[in-house]
Structure formats: C-alpha cells, structure tokens
Amino acid sequence: MKKMLIVSLVAVASCSAYASRESSEPIKVIEPVMGLDAAKVELGKTLWFEPRLSASNTISCNSCHNVATGGVDNLPTSIGHKWAVGGINSPTVLNSDLNFVQFWNGRAKDLQEQAAGPIENPIEMAFSHELAIGTLKSIPQYRQWFKEATEKKSSQLPKSRMRLRHLRKRFAHQTQSLISG
Ligand code: HEC
C-alpha cells in the first residue's frame, strides 16, 4: 500500500515537472487545426492531386508542393506549364495556414485568396477558373462530393451551384490540415 502511494506521488511529480519544462520551451509543439470537416478535407485532398485542373492535364498542386517531400518540389524554382521555369522558389505548404499572410511577398491575405492564383497562372497550371469549374461540373463524382461537402445532403450538387469559392475553400481546407506536428 505504502509502496503504491510512493509510486503514485513520484508519477504525479514527474508529470508536473514535464508540464512545467514543456511550457518553458521556446519552440512549442504545433497543434493540428481542430474542427475541420473530414468530407471537406477529403475533397480538398482529391483536388490537390487533380491534374485535370491544369491546361495540360498533367500539373496539380502536388507537382510543386509534393506532400511526400515536405510540401515542396526540391527545385531552386518551380517548373510549370510547358516546362516553363518560374522565377521563384515554391515554399512548403506544411503549416502555411499559420502564416499571417501567403506568398513570399504576402500578397494574399489567407489560403482562400491564395488558392485563386495557381490555376490561372500561365507558368503554373495555365488554365482558367471557368474551365476548371466546367471540368469538375462535368464529372458526376465531383458533383456528388461537392454536394456532400457543402450541404451534407444526398445526391449531386446542381451544376449551376458549383462556384469558384467552393473550390477555393476546399483547397484551403486541405492546406489547413497539412500540419507537421
Ligand atoms: C508550377 C508550380 C506550382 C503549382 C502547380 C502550384 N504552386 Fe503553390 N506556389 C508555387 C510558388 C512558386 C509559390 C510562391 C509564389 C510567390 O510567393 O510569389 C507558391 C505559393 C503557394 C502557397 C503560399 C505558401 C506560403 O508559405 O506563402 C500556397 C498555400 C500554395 N502555393 C498552394 C498551392 C495550391 C493550393 C495549388 C494548387 C491549386 C498550388 N499551390 C499550385 C508554385 C506552385
């Protein structure tokens, strides 16, 4: 009995010592973003790897922000549409939700605003938002996924109701979930 009491006291003391040491660490553990909707993140992930959102049908977000290699392409500057060599390095997308602005020069205020850029950038995906939305609307499975992610009701999202803002939000959800821990 006495032994058990001593063991418990030592356990409590070492837990609180660990907690106080952790709180004084200069670098804190990054907590995952809470409350993200799984269906929205899943759809965002699918779009992240979707090359049909580019003019050549070969480039996706993952081409330059490979989530298997730290969210970057490991090149000095990125290669985009028709092998165009961009003028700037692609930053990692891991933890980018925690940036107070997006892009090296901070020209986008958040991930949703940033997500409007790559599809229409002529040296990245070189497509247009209209064509990208049109492509997604033409695929019944995407209509169903958008419907499930936006309204949580059955069946497919009516074609007329798929908008660029839905697409931007899904990219933002996917990027928010990319936390390195
Ligand atoms: C051809 C390469 C390429 C593709 C494709 C691409 N990006 Fe990027 N991305 C870049 C480059 C280069 C930058 C930096 C641009 C700048 O700062 O001016 C960037 C910046 C970003 C940032 C800002 C990160 C930060 O720390 O500021 C995010 C987020 C991002 N991209 C997400 C996306 C998403 C989502 C897609 C797909 C819809 C995408 N990217 C497609 C090359 C690419």
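**Notebook: contacts, helices and ligand shell**

I began with the contacts in the chain between residues at least 6 apart in sequence, and I found that 53% of them join residues at least 24 apart. I note that the model is a predicted one.

I next looked up the elements of the chain. I counted seven helices and zero strands, and from the N terminus on I read the order as α-α-α-α-α-α-α.

I then turned to overall dimensions. The chain has a radius of gyration of 22 Å, whereas a compact globule of 181 residues would have one near 16 Å. Along the principal axes, I recorded a box of roughly 75 × 45 × 25 Å filled by the C-alpha atoms. Of the 181 residues, I found 22% to be buried.

I examined helix H2 (residues 38-48) against H7. Their axes come within 7 Å and cross at roughly 100°. On the H2 side I listed Lys40, Val41, Leu43, Gly44, Lys45, Leu47 and Trp48, and on the H7 side Leu167, Arg170, Phe171, His173 and Gln174. By class, I sorted the residues of this contact into six nonpolar, three polar and three charged.

Finally, I inspected the surroundings of the ligand. Which of the 26 residues around the ligand come nearest? I found these to be Cys61, Cys64, Gly80, Phe103 and Pro118. At least two residues of the shell come from each of helix H3 (61-64), helix H4 (111-114) and helix H7 (164-176). H3 gives the largest share, three residues. I classed the shell as 14 nonpolar, 11 polar and one charged.

Technical notes: Residues are numbered from 1 along each chain as its sequence is written. This is a predicted model: local features need pLDDT of at least 70, side-chain atom pairs count only at pLDDT 80 or more; totals for chains, interfaces and linings use all residues. A residue is near a molecule or strand if its C-beta atom, placed from the backbone, lies within 6 Å of it. Helices (H or I, at least four residues) and strands (E, at least two) are DSSP runs, numbered from the N terminus. Ala, Val, Leu, Ile, Met, Phe, Trp, Tyr, Cys and Pro count as nonpolar, Asp, Glu, Lys and Arg as charged, and the others, Gly among them, as polar. Axes are lines fitted to C-alpha atoms, for helices over the stretch in contact, and angles run from 0 to 180 degrees between N-to-C directions. Two residues are in contact if their C-beta atoms, placed from the backbone, lie within 7 Å. The radius of gyration is taken over C-alpha atoms; the globule rule is 2.2 Å times the number of residues to the power 0.38. A residue is buried if 20 or more other C-beta atoms lie within 10 Å of its own, exposed if 12 or fewer, and partly exposed in between; C-beta atoms are placed from the backbone.
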